[in-house]
Amino acid sequence: MTTEIFILFGSPRDRGYTARMLECFFSCWDGAGIKKRTVIFNAYRAGIKPCIHCGHCKKVRGCIYDDFIPVEQGLNKADLLIVASPVYGMGFPAPLKAVFDRTQQYFEAKFSLGIEKPVQKHKAALFFAACGSNNTGGVTVMKKQLALEFGLLNAALLSTVVLRNTDKVIFDESLISAGMKNAARRVRRYLRDMP
Ligand SMILES: Cc1cc2nc3c(=O)[nH]c(=O)nc-3n(C[C@H](O)[C@H](O)[C@H](O)COP(=O)(O)O)c2cc1C
């Protein structure tokens, strides 16, 4: 079986700490010999428009803008959703926050239009966060936002891996490799036991 992985990537830096966290995860994943197909949605490159609260999705399913379609396709196909992001100002960087705000269309689909599961496919989810300081207060805020998101996206958060102090320490895989191995193991088990 091939695991379909969809990544919401929130860093503007292709070789930053967030990207390296993903690399570390995939070396754990591949090490276990599990086949995967990966789609990365780079929030900075995509430049998704912010929600303008026009009220369209309260009346009709969907959004007035069509730039969300790649996210929708990714979410509908994924067995595993990974949110990988740096902490910016105690929260998600603006381009990734815009992606989450656009899931208001799922909120309205559910609560205004009565669609029980706006995203049909159930999936496992992981959250990887890189934060410059030793204070993980921002990660706590982001996890609260994700609890709401994952409910709408039909995703179960299995594990969070945080790399702290990135403004002071050079990337060292050993700081996160145990957390990543554990995350990969949990996903494997979850997907195997899913009905
Ligand atoms: C605009 C901006 C805001 C930031 N805000 C925070 C913050 O609130 N808390 C924190 O711990 N680090 C903060 N940082 C540091 C980043 O989280 C850190 O450098 C992280 O490693 C960046 O991820 P990257 O290496 O993938 O680009 C901020 C950095 C930037 C550029």
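A: Let's start with the polar contacts, meaning pairs of N or O atoms within 3.5 Å (inside the protein, one must be able to donate a hydrogen and the other to accept it, and residues adjacent in sequence count only if both atoms are side-chain atoms). An oxygen atom of the ligand sits 2.9 Å from a polar backbone atom of M90. A polar backbone atom of A130 is 3.4 Å from an oxygen atom of the ligand. With G132, it is a nitrogen atom of the ligand that lies 3.1 Å from a backbone N or O atom. The ligand taken alone exposes 640 Å², and the protein buries 72% of that; these areas come from the Shrake-Rupley method with a 1.4 Å probe, and for residues only the protein chains shown count as cover.

A word on the ground rules: this is a predicted model, in which local features need pLDDT of at least 70 and side-chain atom pairs count only at pLDDT 80 or more, while totals for chains, interfaces and linings use all residues. Residues are numbered from 1 along each chain as its sequence is written, and side-chain values use heavy atoms, with hydrogens and water left out.

Back to the ligand: 16 residues surround it, and the closest are R13, Y17, T18, V87 and T166 (a residue is near if one of its heavy atoms lies within 4 Å). By class, that shell has seven nonpolar, seven polar and two charged residues. Here Ala, Val, Leu, Ile, Met, Phe, Trp, Tyr, Cys and Pro count as nonpolar, Asp, Glu, Lys and Arg as charged, and the others, Gly among them, as polar.

Now for residues picked out along the chain, with helices (H or I, at least four residues) and strands (E, at least two) taken as DSSP runs numbered from the N terminus. Buried means under 20% relative accessible area, exposed over 50%, and partly exposed in between (1.4 Å probe, protein chains only).

D79 is in the loop between helix 4 (69-77) and strand 3 (80-86). It counts as buried because its relative accessibility is 11%. A polar atom of the D79 side chain lies 2.7 Å from the backbone nitrogen of E4.

In helix 4 you'll also find I69, which counts as partly exposed at 45% relative accessibility. F128 belongs to strand 4 (residues 123-130) and is buried, its relative accessible area being 0%. From the C-alpha of F128 to that of P70 is 21 Å, and the two are 58 residues apart along the chain.

H53, between helix 2 (43-46) and helix 3 (56-59), has a phi near 50°, a positive value in a residue other than glycine. H53 counts as exposed, at 74% relative accessibility. N154 isn't a glycine either, yet its phi is positive at about 60°. The loop holding N154 runs between helix 7 (137-152) and strand 5 (155-163), and N154 is buried, with a relative accessible area of 15%.
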